[in-house]
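Please look at the model below before reading the questions and answers.

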Amino acid sequence: MKTSKFHIMTTRETPADAEIASHQLMLRSGMIRKLTAGIYSWSPLGWRVLKKVEQIVREEMDRAGYLEMLMPAVQPAELWKETGRWEDFGGQLLKILDRAGREYVFGPTHEEVITDLARNELRSYKQLPVTFYQIQTKFRDEIRPRFGVMRAREFLMKDAYSFHIDEASLDQTYWEMYEVYSRIFERAGLMFRAVRADSGAIGGSQSHEFHVLAESGEDLIAFSTDSEFAANVELAEAVAPAGATPPAKEDLLLVDTPDAHTINDLVEQFGLPVEKTVKTLIVEAAEESGSGFVALLVRGDHVLNEFKAARLPQVATPIRFATEDEIHAATGAGPGSLGPVGLKIPAVVDRTVAAMSDFAAGANQDGKHYFGVNWGRDTELPEQADLRNVTEGDPSPDGEGTLQLARGIEVGHIFQLGTKYSESMNAVVLGEDGKSHVMPMGCYGIGVSRIVAAAIEQNHDEKGICWPDPIAPFQVAILPMNARKSHRVREAAELLYADLQAAGVEVLLDDRNVRPGVMFNDMELIGIPHRVVIGERGLDEGVLEYRKRTDTENGEIPLEGAVEALLERLG
RNA sequence: CGGGGUGUAGCGCAGCCUGGUAGCGCAACUGCUUUGGGAGCAGUGGGUCGGGGGUUCGAAUCCCUCCACCCCGACCA
């Protein structure tokens with residue numbers, strides 16, 4: 001491709017409403033253009049990248065023996081009413097009417113359609129297991145679309161669905177899919193982690209999310225230094241401290257702390273180590289507990305995990321923090337002066353807190369704290385539970401290694417659905433035993449368009465995008481210097497261009513009559529991984545200038561055999 | 001859905017408070033010069049000032065209303 005024939009639409013200025021790097025760079029490089037909130041056009045340049053990702057996904061799915069198909073984007077409401085999701089899916093479901101006033105949805109996902117197909121087509125266990133997939137535009141009416149195609153309303157997704165005679169078969173395909181997904185992200189050249197996700201209300205089902213690691217990720221994940229363990233921070237267990245609680249060394253001391261209303265104040269004003277402080281949070285109690293409010297205690301530098309807290313039988317669901325007035329009424333003190341000693345309401349302490357000694361906490365009197373608090377001696381140790389978010393350095397819940405934290409962008413999700421849809425839609429086959437069996441199902445999604453944005457988040461610098469080779473729109477950019485004046489340069493560029501194309505390389509020749517700086521900046525912004533500069537100077541010496549996008553220094557390759565030399569570098 | 005903000009040339013913005021015939025930078029187009037890191041000079045084109053209504057001799061500017069977009073939150077997991 002030549003730039004003169006390929007619509008390059010780079011911009012120097014950053015659009016005002018783009019916040020994160022990938023969004024800015026996709027707009028500046030001209031990969032996408034916004035049509036309306038959360039809905040984007042993909043330019044010829046962007047489309048090349050999207051197709052690359054799509055093709056990697058397709059090849060790996062095909063290789064695993066999964067069957068590609070295409071389902072309708074527009075689906076009748078009846079199917080969604082059958083599974084109850086017409087109501088349950090919520091506002092993200094885009095409902096549309098046809099001219100006769102019949103109700104439809106624009107598919108945000110396709111469990112209903114595929115299950116309908118399966119119940120009509122699948123009759124015998126001999127046809128199982130089978131996995132169908134499609135790569136298709138989905139629409140979810142996000143409450144707040146943002147970050148460009150990262151969280152768009154319309155997006156490209158690969159969704160797959162598997163059908164089985166029993167749970168064991170489902171489990172087998174599930175783990176197979178886990179490997180397929182891992183290969184896909186590896187092939188795309190991305191750093192990723194498979195993260196165990198919440199099995200949640202559905203219970204017992206396996207579920208993993210695949211996250212591309214990037215600082216701007218919306219999810220915080222914890223993973224072990226030494227094992228495969230990885231989990232969303234909100235779901236990772238904070239392991240109870242090993243070893244016995246250190247013995248008390250200090251006496252209980254009531255201290256005037258008129259200006260200390262937060263843990264920070266306490267640490268700054270009294271020079272206490274934050275690990276020796278405890279904070280007390282008051283939430284509404286479950287009705288049957290009859291106490292009105294419950295205190296939750298975590299170490300000063302720890303963060304209460306609302307998921308974990310909400311699961312406590314003592315705590316009302318949904319979880320609600322007490323107001324300042326309620327706290328006063330329940331404890332006799334303000335929120336900045338609460339603690340376990342002399343507390344009038346029931347409390348639950350984090351397991352880390354339970355193992356602390358000689359710590360500081362509010363005295364339940366305004367403007368006073370106790371220092372040197374010890375369990376048992378100064379107050380009864382309340383019930384213990386895992387209440388906090390894990391932090392970096394915590395032991396891994398699986399006992400191997402310690403936890404590290406990283407931000408991730410969810411680009412894939414695999415799930416053992418079980419019979420949720422097959423049961424409500426009566427998708428059954430005859431088994432070997434001659435009886436009807438409801439088919440357990442799995443579903444497996446990959447956000448194809450999101451991967452493009454995630455890849456940029458993970459691979460960019462101050463000049464622009466740094467595509468991993470496998471998903472770059474072009475592999476090589478040829479920049480002729482002053483081609484207008486130099487027929488030698490022009491000819492050398494055309495020759496190399498033709499030779500690389502003949503060798504099957506995707507190459508972009510910048511034949512625009514623009515200054516070199518423009519070419520350099522555009523090609524770096526667009527992120528083409530390999531750059532060849534052709535100039536009179538080099539031709540005199542029989543060399544071409546070569547530079548990898550992520551390198552900081554220029555290299556040279558001999559004009560003689562340049563194609564072969566380049567092919568080697570493309571890997 | 002609640003709160004906040006913004007809509008003026010393709011992009012980024014000023015003008016609005018204090019009403020008087022719409023401007024700057026970048027981009028685009030033409031010509032000449034220039035060509036190893038976003039060129040210089042000269043010239044040109046481009047605007048329903050988000051839409052509708054009102055006040056006024058006169059509205060980008062003031063008032064009402066609708067719409068769109070952005071940010072924070074809630075929701076969702």
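Q: What makes strand 5 and strand 6 a pair?
A: In this predicted model, strand 5 and strand 6 (residues 103-106) are joined in the antiparallel sense over 4 bridges, and because the rule asks for at least two bridges between two strands, they count as paired. Within this pairing Leu97 stands opposite Glu103, while Ile96 stands opposite Tyr104.

Q: Which residue takes a positive phi in the hairpin of strand 5 and strand 6?
A: The hairpin has 5 residues between the strands, and Gly101 has a positive phi near 85 degrees.

Q: Why are strand 4 and strand 5 said to stand at the edges?
A: The sheet is an open one of 3 strands in the order 4-6-5, with antiparallel pairing. Strand 4 (74-76) and strand 5 (94-97) each have a single partner strand, so one side of each has no neighbour in the sheet. Neighbouring strands of this sheet are turned against each other by 40 degrees on average, with direction ignored.

Q: How do you know that the buried residues of helix 9 line one face?
A: The buried residues of helix 9 (residues 324-331) are Ile327, Ala330 and Thr331. Seen down the axis of helix 9, these residues fall within an arc of 75 degrees, so they line one face of the helix. In general, an α-helix has 3.6 residues a turn, so residues three or four places apart point the same way.

Q: Which exposed residues does the face of helix 9 turned away from the buried side carry?
A: That face of helix 9 carries Asp325 and Ala329, both exposed.

Q: What do the buried residues of helix 9 pack against, and what follows the helix?
A: The buried residues of helix 9 pack against strand 14 (278-284), strand 15 (293-299) and strand 17 (359-365). After helix 9 comes Gly332, with a positive phi near 85 degrees.

Q: Why are Cys443 and Cys466 called buried?
A: Buried means under 20% relative accessible area; Cys443 has 14% relative accessibility and therefore counts as buried, and Cys466, at 10%, therefore counts as buried too.

Q: How many disulfides are counted in this model?
A: A disulfide needs a pair of cysteine sulfur atoms within 2.5 Å, and by this rule the count is 0 disulfides.

Notes
Residues numbered from 1 in each chain as written. Chains lettered and ligands numbered in written order. Predicted model: local features only at pLDDT ≥ 70, side-chain atom pairs only at ≥ 80, totals over all residues. Heavy atoms only, no water. Buried < 20%, exposed > 50% of the residue type's maximum accessible area, 1.4 Å probe, protein only. Helix = DSSP H or I, 4+ residues; strand = E, 2+ residues; numbered from the N terminus. Arc of directions from axis to C-beta. Contact = heavy atoms within 4.5 Å. Axes fitted to C-alpha atoms, helices over the stretch in contact; angles between N-to-C directions.
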